[in-house]
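Thanks, everyone. I have one model to walk through today. Let me put it on the screen.

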Amino acid sequence: MVTLNKLAPKYGSKKVRRRIGLGIGSGMGRSSTKGMKGQTSRSGNTRKESKEGGQMPLYRRVPKSGFSNVEFAKRYAYVNIGSLEKVFNAGAEVTPEILKKEGLVKCVERVKVLGDGELKKGLKVSAHGFSASAKAAIEKAGGSVTVLVKKEEPKVPAKKAKAVKK
């Protein structure tokens, strides 16, 4: 008869965990599968791949070139017309500040309206940019589109050129 104290998993279904690093009696030999001495054989080894000892790292040896558009790129907060359909009532005025208040965009620097979804309500939408499909859908629903012009300030790169003394 089978009783609870005699239940056991099938033979071979459970493996005994190897206890690495417990001497020559562990069956793993003297170095316990960790190779010879050194930093990588010790516990707590979290050496980064980019570190090369005293040698100058590769990413500093290779010359840098090219242009990065990170500082000059125009970034938009995007909102779809499907989202406008869910949140606003017919005839409502939609501005970037109202969109932020409703939680549809995170910033109001530049807002662009995209044409994903359906719009059946006539809305007065003001934004910095519109896709062609969004503009057509808003006007088809009986709404109006106003493009806001953001006054561009000249951006100064992070590395400012020093003034030359005469």
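Some ground rules. This is a predicted model, where local features need pLDDT of at least 70, side-chain atom pairs count only at pLDDT 80 or more, and totals for chains, interfaces and linings use all residues. Residues are numbered from 1 along each chain as its sequence is written, and side-chain values use heavy atoms, with hydrogens and water left out.

Sheets. Helices (H or I, at least four residues) and strands (E, at least two) are DSSP runs, numbered from the N terminus. Two strands pair if DSSP finds at least two bridges between them.

Start with the open sheet S1-S3-S5. It has three strands, paired in parallel. Strand S1 (77-80) and S5 are its edges, each pairing on one side only. S1 and S3 run parallel and are joined by four bridges. Look for valine 79: valine 113 in S3 stands opposite.

Now the other open sheet. Its order is S2-S4-S6, three strands again, with parallel pairing. Strand S2 (93-94) and S6 are the edge strands; each pairs on one side only. Two bridges hold the parallel pair S2 and S4. Lysine 124 in S4 faces glutamate 93, and valine 125 in S4 faces valine 94. On to S4 and S6: four bridges, also parallel.

Which residue in S6 stands opposite serine 126? Threonine 146. Serine 126 itself belongs to strand S4 (residues 124-127). Serine 126 has a relative accessible area of 13%, so it is buried. The cut-offs: buried is under 20% relative accessible area, exposed is over 50%, partly exposed is in between (1.4 Å probe, protein chains only). Contact means heavy atoms within 4.5 Å. Setting aside residues up to four places away in sequence, serine 126 touches Val94, Thr95, Pro96, Thr146 and Leu148.

Next, helix H4, residues 132-140. Ala134, Ala137 and Ile138 are buried there. Why do they sit on the same side of H4? Because they cover an arc of only 100 degrees around the axis, the arc being that of the directions from the helix axis to the C-beta atoms. The background: an α-helix has 3.6 residues a turn, so residues three or four places apart point the same way. On the other side of H4, Ala132 and Lys140 are exposed. What covers the buried residues of H4? The cover includes helix H2 (81-87), strand S3 (111-114), S4, strand S5 (129-130) and strand S6 (144-147). After H4 comes glycine 142, with a positive phi near 95 degrees.

Now serine 26. It lies in the segment before helix H1 (58-61). Buried or exposed, at 19% relative accessibility? Serine 26 counts as buried. Its contacts, apart from neighbours within four places in sequence, are with Arg18 and Arg19.

Last, the second largest pocket. A pocket, on a 1 Å grid over the protein atoms alone, is an open set of points where a 1.4 Å probe fits, with protein on both sides within 12 Å along at least five of seven lines; lining residues have an atom within 4 Å of a point. This pocket holds about 150 Å³ of space, a volume being the space filled by probe spheres set on the points. Its lining includes Arg30, Lys34, Met36 and Ser43.
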